[in-house]
Amino acid sequence: MTDQLVLKVEDLKVYFPVKKGLLKRTVGHVKAVDGVSFEIKQGETFGLVGESGCGKTTIGKAIVHLEPAFAGKIYYKEQEITNLSEAEMRPYRATTQMIFQDPYSSLNPRMTVANIIAEPIRFHRPDADVTAEITAYLEMAGLRKECMLRYPHEFSGGQRQRIGIARALACRPEIIIADEPVSALDVSIQSQIINLLKRLQRELGLSYLFIAHDLSVVKHISDRIGVMYLGCLMEVATTKELYNNPLHPYTQALFASVPIPDPRKRSAKVPLQGEIPSPLNVPPGCKFQTRCPYATELCRDRVPQLEQVGDGHLVACHHWNNLHKK
Amino acid sequence: MLRIVFLVNLFLLLLFAGQITTNADTLISYSIFAVITLILAAIILTLRRRNKTKERGIRTGWDLMWNKLRRNKSAMAGMWVVCGLCYVAILAPFIVPFDPYIMDWGALSLGPESHHWLGTDEMGRDTLSRAIYATRIAMGIGLMAVTLNSLIGTSLGLLAGYYGGNTDNFIMRLLEFWNSIPFILMAIALMAALGSGLFNLILVVSLTGILEFARIIRGDSQLLRQADYVNAAKVMGIPDRQILKRHILPNCLAPIIIMATLRIGETILTIAGLSFLGLGIQAPMPSLGSMLANGQQFLYENITMSIVPGTVILLIVLSFNLFGDGLRDALDSRITQ
Amino acid sequence: MDPDILLEVKDLQTTFTTEDGVVNGCNGVSYSLKKGETLAVVGESGSGKSVTAMSILRLIPEPPGQIVRGQILFDGIDLTTASEKEMRKIRGKEIAMIFQEPMTSLNPVITVGRQIGESLKLHEPQLSSTKIKQRVIELLDLVGIPSAEQRCNEFPHQLSGGMKQRVMIAMALACSPRILIADEPTSALDVTIQAQILSLIKKLQQQLDMSVLMITHDLAVVAETADSVAVMYSGRIVEYGAVDEIFHQSKHPYLDGLKKSMPRLDIEQEELYTIAGMVPNPLDIPSGCPFRSRCPQEMACCQNEPPTIFFSDSHYARCWLYADGGHHD
Amino acid sequence: MRKIAIILATLLLTTTILVNGAAAEKILRIGIAKEPASLNPVFIHGVYGESVAGNIFDTLVSFKESAKEAAPLLAESWTISKDGKVYTFKLRKGIKFHNGDNFTASDVKFTLEAIMDEKNASPSAQFFKPVQTIETPDDFTVVITLTDPYAPFLLALGSHTAGIMPKAATMAMGMDKFDRAPIGTGPFKFAEWSPDDKIVLTKNNDYFVATPNIDKVIFRPIPKPETMAAELLSGGLDVGSELLPQDVSRMQEEGLSVKSVPGLTSRYLGFNAKRKPFSDLRFRQAVYHAIPFDQAIPGIFRNDGDRAYSWIPVGVLGDDVDYMKKHTLPYNPAQAKALFAELRNEGILPENFEFTIYSPQDPQRKKIATVVSTQLRQYGITVKVETPEWATLFPMLKAGQCDMYAMGWGSVPDPDRWTYKIFIPESNMNFSQYSDPMVTEALKKGRTISDPVLRAKLYQTAMRKALVEDYIHIPIAFLKTTIVTSTKVQGLDPSPQRYIHLVTAKRNVDIK
Amino acid sequence: MLNYTIRRLLLLIPLLLFVSLFVFAILKLSPGDPATALLGDQATEEAIALARAKYALDQPFYLQYLQMMVNFFSGELQSIFYKGNVLSIVLQRLPATLELGFLSLLIAVIISIPVGIISAVRRNSFFDYASMSVAMFGVSIPVFFTGILLIYLFAVILKVLPASGYGGHLWTIEGLRHMILPALSLSFVLMASTTRLTRSAMLEVINQDYIRTARAKGVSRFVVIMHHAFKNALIPITTNIGNQIARMFAGAVLTETVFAWPGVGRLAVNAIFRRDEPLVFGCVLLMAVVYVIINLLVDLVYGFLNPQISYD
């Protein structure tokens, strides 16, 4: 890991318009991502964790222009890429790649593995020795080159995920956005992919934006973690710090909810009450206040900002200090 | 299996070689047949080479589909009949016992007999020969109209589905407007405006049902647009045109083929309906619809005149429908009905 | 027979006839569920854990599915041979089930209230419709759905995933069944909701004195909820025991590997352990131990059917490693 | 399934029983092939309108009994001046229109002037062109003065397009409204017109000729002849017309009454005299030789038509059958081949020549066109058959755009009506664009004189030149008029013009 | 819901514009003209010219179009052939068309839905094969041919039903008798497609998770099928039937011709053949409006059947 920033997201907002009425006027927005900032250094893994609908996938998509950013800025190294046109974007396209959750929908069923991997090579480096490169990337992803002529449906979930990784690698990216890459896989396969991702990071110096809902997985792979709730970052810290010293009540509740695979550590814990509010109808003030056991008037009135509470530890809570002491 | 077909083809080619006269019909048929035989040979060769090279059965989506289809008896029956009809259609000039146009005024409106196997019509033309030629024309028109139809429908549906938003709105609204004009009326009016040529007929018939076609393709491409592999392609910077071509279109192919197969039957029925109104294929060219519409006037006198074209229409529509249904089951597609 | 045993599955084999051949959904599975107990059946996808559960209620689509061997004893009746009419009396009334996908498991065009009320109407025909309505509201209250009266008239799509699962639970509990089969009840839900649902099931189990058959792929959920555990692999039980024995004295290499390959929140791990290879194709399961091709301790004898080795009354594993009497290093 | 079947069966049963019970009124149901466009005599064109109107309106003179000789109807008697220019009609007294108005000479004047009024664009205006003045010296006398003698003038007055309308009522309604609610003096009153469904007439108890036996007449347009045949066979219709020959013979077997008379309808093939190669006599001859008409015509028309040799129907003044028959060209493929070869050599007929033959949509004319197409195919000429609707076909024909066409004609038994408009160059009915000074002169002269012998001579001259020297048309057939009636219907006979007259001086159709 | 309805109805404006322009263009592209058609073969050039002037056919195209549009919207469009108001002519025909459509729909629904359900439930049984084969035949035989066969069978041979024509309203005995045969022949195609659709929709629904849930509750097979499955399958079936109704208006032309039925479809076809431009124009526009309205109704019914859809 170096100190060079490869990706910086500043106050990113992704809103989807809500249209209603006779003329389908925009009457409001679903604030999928509502002012998120973070940065990723070269060789670092930034984990983004949160429950479904919290906007973590949308952030990933916004970075690679699959969703338009409503406001805010995205930088690749020094270059702002937020609103670049497709043509202007082209030089940066290869640098940021994505790995998807569903290994079944992420590969074109009508293309052979070779073609899938060759597509970015042919597009970005038309002069390259395609066959040799395909072999190399397949090997890198832990697949044998005999796979080349097969079609995706002949592979198991884990192998498909490897093909997806090989395809991403074929662009020679610096950043990989991994959107829940292991959540659809069986436990015994999950670990293979996690290990592969870690190995690739070591060997190629990649940076990851690792999006997942499984805290254990995120914890295992990330250097730093951001906890999201309803489109906002609630807490950002290094992995160790976050796990040892979670400050935000939501982070704490999340940790408490995760079942521990050890019957002896079974606890009579009280789970977090209530459900995530609909993003159409976000509560005022702190977005977590409806479920927060410590919520006060202040939480209902004012939106807490992310504040620095320690070395690289940010938290967005009015009461973190009190809770901490408790 | 394929090899036997190929040998039969070769045999037929040699058999009919002597019959190629200056008649354009036979020449066209013969060359089409020759080309098909060549293609068959090419397929056999590639299959053989693939059989050699593949170590363990590489099964593409098509292979899987074929396996499933093969177990569906009615679909296979449909397919064989379709193949048979194609042979009849292509080889028509060689296999007709009589010139389908020649009128034998001494043999009017006959029932089946030893000379004319399926009898003659009220102008002394051989019903069997006319039915064979009519099959050729029906299949040809059906195929062309459906091709045109699916081309228009597919491209509009693809664009609407992939680009979404205003493009989608515009295309789909336009197609809905188009659909709101009752088809038969539109066909009659268009035929009146354009004249009743064969080409116009194809054009008019191919304009029907574009909406259904486009709707399904649009639905599919809308789904595919959100597929992760399309996202992946976008992230890699692949231009839209190429995404449409390489990722979306190939994955819409199954519904397109199914729809097209099912549509052929409909097209033939539509043309028959137009013939009934006097707007179909013009005399003296034999067409199933006008043969049936005409035979209907002789229902008492000579029922073979209706039975023959009726059966052929039934056979064509039924076999294409069975085959199409089988395809749909095999591909487990989202299309219903 | 142990009077405490409510349900006993004996040597169950369920097959599916597919176009490519006959697949064993489960093969020789035996387990028993005691009164008030939670038995977890754990395994990866395709291990046959759901098939056994579905076989109990005979919900396997027939054809292609078929129970070819074994017995399922409930209340002295063998469910594998019971008539459809008898089964209908048991389903929902004696044994209820909740499913993995609350999104698709509720009928989208019928209101929540009517869906819950339906089993009441069916199994307790003496109830008047107002009584049923009252019961439905009580049930919704019981599973923790706020403003139950209003929710009654809503359609499933108006509820969130967690709410739907609560409705499913209310539906299952409507006739106070003796056994609840929960087929992956939380795997489609978020962590916080998962915790809520699990604790709800636990609470209700105690309240209603039910036995729960918990089917899951998640060892952590097992550890949280189960009393006994059956670990399945490729349609068979490879290890069976009390929850503590499974987590702290596991014998089978598969279970070992599985536990080691999980990323964990409570302990630090460097590199994750990986089980090599893939789950065998169900059409093409190797002879002998189905796990042997992935097993780091594969031996020549693994090609033969592994023996069942008992380590305690309740704890057994099927593995050649312990064939000489059973020891663990 | 079974329940539905039972319900349907009981429904059917009860309904059939109920329906068979009622039969108080005498209703005559007549099937016609097409719906008339108008019932206002001023607007009527075509046989369907005339057929219906003939039962609502009366004309001054009548040709209902005999197509050749005028009989009195609304006019009791009439005189024609020696120079053939002044017609004086004495009208019958005491006749009332259906609405109760008295019939007087002013109604006659009004009707004829309405036809001649340019604003009405009446299709029959042309037949009244020679009229100079119409005077009504008293209420029951009409004097019509012509500019020139016009032999078929009585025919014009006797045709149903000259049915007399009530002046006051028509003016009150307006011409267009009157079209949908006609009022006449005829045996039946107009009751209802439900478009594409039926036209209902009820009996006029005050009809001056006779009280109709039938209470109600329903004309039903049935577009498909096979459906009409089924209706007749099933008893849904009492009278059917324009049926397919094969159905007619079957109906005869089934015991329905089939009557037929030689008709005044013809079918012919025409060439375009202005366009190459049709303008070349040899081409026309070659086509004539190439087609076996003697076989094809009976094949197509069966019992329904006889081969025609001239334009003038057999039995009509100047028919000249023997001469024309002798000079008709026989089927001679060798001769045809030789002629085509000759034309090709001279460059008049291009190699791979292609043209279109036009015909209306009725099955028989379509078949004629098909025969031409099929036969010429054997001589290397590709002929497309086009069968547009009337509205498309007529403008093309009138503009002289059709190289070859299969058409027909139907009219009253006077040679002028069968020739004049067809062959004189100024006429827009001259689809062939034929122009021959001799023919033109003969035809023009023919309509102005009244001596039958002289007239016959003139028409013979014209036809011989046009048809068996120039071969500009190939006459195909004169159709019979066949009507099929149920055995209940009594006293109905077909008329050569395909009219259906229910009540005349000699006839009063009845249902038993 | 109201908003949705209004928005859909607002779409009528561009629709009418599009359809009217298209129809007008087609009419003007067609050779021949109404005056010739009206006056017949005997008409002189002068008479035709006069008639053309009378119907404003000698005006420039854009004026003719504008005039037609103005007349259409003010309800003043006059048929050339029938010399009456287009709207009232169409309205006069409407009962025959609607009643026929209704009856054939009824026959089709009554027969095809139960058959479709049974086929789906007894998949691959003899009944399934038999009914699907019949359905296949139904879609494969041209409707005009079934029409004439029905006429011969029921009217000529059995002599139980009238062969053709409109006998009065559906609710009169004579009207019903006349309507049975055309309705039967028209319902054939509809029956075939509805049966097939019902079957496939049921098959799809039967495999859904909620069916399993219902079975797990101990619900009997019959109730599962009728209450749980059919309610869901009804959604695609309604869409299909709705589409078919909308098309029935003009799709019945062939049937109407065979049975000499005074319906709107034949009116329009005859109007085209007679070059009755205002009538064609009016008919097609009205049909387009009816099509839109029926579709809208179907969509609203759809929303009623499918609670997941909310219109706003």
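Colleague: How far apart are the end C-alpha atoms of residues 252-283 of chain B?

Modeller: This is a predicted model, in which local features need pLDDT of at least 70, side-chain atom pairs count only at pLDDT 80 or more, and totals for chains, interfaces and linings use all residues. Residues are numbered from 1 along each chain as its sequence is written, chains are lettered from A and ligands numbered from 1 in the order in which they are written, and side-chain values use heavy atoms, with hydrogens and water left out. Residues 252-283 are one of the spans of chain B that an unreviewed UniProt entry annotates as "transmembrane region"; UniProt positions are given in the numbering used here, feature names are shortened, and annotations may be inferred rather than shown by experiment. The span is 78% helix and 0% strand, and its end C-alpha atoms are apart by 39 Å.

Colleague: What are the helix content and the end-to-end C-alpha distance of residues 135-324 of chain B?

Modeller: The unreviewed UniProt entry lists this span as "domain: ABC transmembrane type-1". Helices (H or I, at least four residues) and strands (E, at least two) are DSSP runs, numbered from the N terminus. The span has 0% strand, and the values asked for are 82% helix and 19 Å.

Colleague: Which chains share the most contacts?

Modeller: Contact means heavy atoms within 4.5 Å. Chain A and chain D do not touch, with nearest C-alpha atoms 42 Å apart, and neither do chain C and chain D, at 27 Å. Of the eight pairs of chains in contact, the one with the most contacts is chains D and E.

Colleague: What area is buried between chain D and chain E?

Modeller: The contact takes 52 residues from chain D and 54 residues from chain E. Buried area is the accessible area (1.4 Å probe) that two parts lose on being put together, summed over both. Carbon and sulfur atoms give 61% of the total, which is about 4500 Å².

Colleague: Which element gives the most to the side of chain D that touches chain E?

Modeller: Elements that give two or more residues to this side include helix 6 (175-180), strand 8 (188-194) and helix 14 (390-398) of chain D. The largest share, seven residues, comes from chain D's helix 1.

Colleague: Why does the salt bridge of B:Asp99 and D:Arg377 join two chains?

Modeller: The closest N and O atoms of B:Asp99 and D:Arg377 are 3.6 Å apart. D:Arg377 lies in helix 13 (residues 363-377) of chain D, while B:Asp99 belongs to chain B, in the loop between helix 4 (73-95) and helix 5 (127-163), so the pair joins chains B and D.

Colleague: Which strands stand at the edges of the open sheet in chain C?

Modeller: Four strands form this antiparallel sheet in the order 2-1-4-5, where two strands pair if DSSP finds at least two bridges between them. Strand 4 (residues 65-74) and strand 5 of chain C are joined by two bridges, and C:Leu73 stands opposite C:Asp78. Each edge strand has a single partner, so one side is left without a neighbour in the sheet; the two are strand 2 (21-34) and strand 5 (77-78).

Colleague: Which residue takes a positive phi in the hairpin of strand 8 and strand 9 of chain D?

Modeller: Six bridges join these antiparallel strands, and D:Phe190 is partnered with D:Leu201. The hairpin has three residues between the strands, and the residue with a positive phi near 60 degrees is D:Asp196.

Terms used
Salt bridge = Lys/Arg side-chain N within 4 Å of Asp/Glu carboxyl O.
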